[in-house]
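Subject: Two-chain model for your files

Hello,

Please find the structure below, with the notes I took while going through it.

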Amino acid sequence: MKLRYLVARLVKAALVVIAVVLLSFFLIRLAPGDAATVMAGQSGYADEAFMKSLRAEYGLDQPLPVQLWKYVKAVAHGDLGTSYVRRQPVATVILERLPNTLLLDAFALLVAAGGGIWLGGMAARRPGSAGDSAVTVLSMLFYAVPQFWLGMMMVLVFAVWLAWLPPFGIETMGADYTGLARLGDVAQHMILPGVTLALYFLASYARLTRAAMVEVADQDFVKTARAKGLSERQVARRHILRNALLPLITYAGLQASILVGGSVLVENVFSWPGIGTLAFEAVQGRDNPLLLGIFIVTAILVCLFNLITDIAYSLADPRVELG
Amino acid sequence: MAFVRRFLSRPTTLFGLAVFLLIVAIALGAPLLFSRGPFSIVGMPLLPPGAPGLLAGSDVLGRDMAVGLAYGARISLLVGIASTVCAAGIGVLLGAVAGYYGGWVDDLLMRVTEFFQIIPSFVLLMVLVAFMQPSLTSTVIGIALVTWPQVARVVRGEFLSLKTREFVQAARVLGMRDSAIIATQILPNALPPIVVVSSMMVGSAILTESALSFLGLGDPNLLSWGSMIGGSRSAMWVAWWTSVLPGLCIVVTVLALNFIGDGLNDALNPRGRC
């Protein structure tokens, strides 16, 4: 039965990816002028015959369905077009930056989940306490703070005023650290952007953990656990928390798209050389193929992450049979 | 009246409402409060707040920050409200049709809303605005295009449950047309949750607008809080106020709107449905 659930999820993810590619094809037509006008504009030379030859060369004079088929085929082969500014294949440029974004996002997710579960657990153990209200107030606040501005305030406080941490980049320029020293250097650079990105999610994880734990704590098996003489600590950890964590897995998947959007902004504030800063460069240089390529790649990534959380959920919860 | 009393019973709602009205007053009164426009240069760059005639200091180009903040309120409120109205319009229309008729229309709509939940909508928004050319209109349209599914889901749910009720069956027996049943019978009953969801969306639309402007995807002819922060990045090290003040404006505005949304939720959904 689990197999059917997984196959259904796999098909769903594939459909989303196909829809993303179709949407991208029509988005290209949203921009004024076609690829031929852009290329002609860059070469600074254009007459009717030249434009016509360009359109023929890139198949822009063919009927729309033919163009669509060609586009889908190209994307399926990993060909996302050529970046106007970099004059390199879009896929190459993106793959070069991707690991940095994944590193930052994974770190942020870890901080958010760890911190959020810890805070939410504390709040749930003593509902109505000062710590409990602090979690509520903080999450209210983080929902209202623009992430990019929060990042700038982090720089202002921890890099400019206190000078504790480096304000931007992924490593110290010109230091040429190797091995462990380099790892430490990158870790140091990752703290400010990572925590900035994590704070928004940390607050919502804390709220979610708190709500789930309060709900689970009311159930019969928890009373049984107490009745058989387990310590409060064991009841909280083994029985309540484990069951309360299940919705968090789904939530992490649902929030992946927001995490990607957030990392675009945070990367820009901290000049973190990932996909987010690349998207900004694409906007600045009016590099439409690159921007669109980033959309396609991030959408596929989020789909993959959703698939992973779905699988993780089905493994963690023996009750899951069908989606 | 019971609604108004419930709505105004929470201190946070009152606070939110007071702050919101103040911001609306500043936004509307900006041309009366200041004789200069937000782009006019008034003195040396980066003068601190409290310098003669400069309540909030001056920015990188020597423009009066206070004028910029007041005019920025106009952009934030305009984009927040206009994009929410557009999103609510699309969402109500499609959600109503999907919930009322069910079947393949409903299936299709649910797939579309799921799609929007999964894809990185901020990146899509960047693509939309960049491809349409950055302007106030493209910002509003772009935000509406990526947020309407939230409304559609809620409207669909309401219509699904309301369409089976007796008063709808009665209207059908009386021979009312589907469009009339949707618009005059079901929609008024579905309004409370629509109002609550929409009120929550205004704040997030303001945050999204500021993010776009920060990245240089705002209207180049208008000064908004986000673009003020974006423009202050080079001066952040020496002049904290250029980035801190516009950010605080965004936080206070969005917080006020979220408080109002919470108040509406409590007042309209006494059992906390939303």
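Helices here (H or I, at least four residues) and strands (E, at least two) are DSSP runs, numbered from the N terminus. A:A175 is exposed, because 10 other C-beta atoms lie within 10 Å. The cut-offs are these: 20 or more other C-beta atoms within 10 Å of a residue's own make it buried, 12 or fewer make it exposed, and a count in between makes it partly exposed, with C-beta atoms placed from the backbone. From A:A175 to A:M140 the separation is 35 residues in sequence and 41 Å in space, C-alpha to C-alpha.

This is a predicted model, in which local features need pLDDT of at least 70 and side-chain atom pairs count only at pLDDT 80 or more, while totals for chains, interfaces and linings use all residues. Residues are numbered from 1 along each chain as its sequence is written, and chains are lettered from A and ligands numbered from 1 in the order in which they are written.

The chains

Chain A has 14 helices and 0 strands. Its C-alpha trace spans about 85 × 55 × 40 Å along the principal axes. Chain A has 323 residues, of which 34% count as buried. Of the contacts in chain A with a separation of 6 or more, 73% are between residues 24 or more positions apart; two residues are in contact if their C-beta atoms, placed from the backbone, lie within 7 Å.

Chain B has 10 helices and 0 strands. Its C-alpha trace spans about 75 × 45 × 30 Å along the principal axes, and 49% of its 274 residues count as buried. For contacts in chain B between residues at least 6 apart in sequence, the share that joins residues at least 24 apart is 71%.

The interface

On the chain B side, 33 residues are in contact with 38 residues of chain A. The helices of chain B that each supply at least two residues to this side are α4 (103-118), α5 (121-132), α8 (178-214) and α10 (241-268). The most comes from α5(B), with 9 residues. By class, the side of chain B that touches chain A has 25 nonpolar residues, 8 polar and no charged. In this scheme Ala, Val, Leu, Ile, Met, Phe, Trp, Tyr, Cys and Pro count as nonpolar, Asp, Glu, Lys and Arg as charged, and the others, Gly among them, as polar.

One helix pair across the two chains is α6 (residues 130-144) of chain A and α10(B), whose axes come within 8 Å and cross at roughly 120 degrees. Axes are lines fitted to C-alpha atoms, for helices over the stretch in contact, and angles run from 0 to 180 degrees between N-to-C directions. α6(A) and α10(B) are therefore oblique to each other; angles under 35 degrees count as roughly parallel, over 145 as roughly antiparallel, 65 to 115 as roughly perpendicular and the rest as oblique. In this pair A:M140, A:Y143 and A:A144 of α6(A) meet B:V251, B:V254, B:L255 and B:N258 of α10(B). That contact has 6 nonpolar residues, 1 polar and no charged.

Within chain A

The axes of α7(A) and helix α12 (residues 256-269) are 9 Å apart, and the two helices pack at an angle of about 30 degrees. α7(A) and α12(A) are therefore roughly parallel to each other. A:Q147, A:F148, A:G151 and A:M152 make the contact from α7(A), and A:G262, A:L265, A:V266, A:N268 and A:V269 from α12(A). These residues divide into 5 nonpolar, 4 polar and no charged.

Setting aside neighbours within four places in sequence, A:A279 is in contact with A:V264, A:L291, A:I294, B:V123 and B:M126.

A loop in chain B

B:G62 sits in the loop between α2 (11-33) and α3 of chain B. B:G62 counts as partly exposed because it has 15 C-beta neighbours inside 10 Å. B:L47 is 15 residues from B:G62 in sequence and 7.7 Å from it in space, C-alpha to C-alpha. Not counting residues up to four places away in sequence, B:G62 touches B:I41, B:V42, B:G43, B:M44 and B:P45.

Regards
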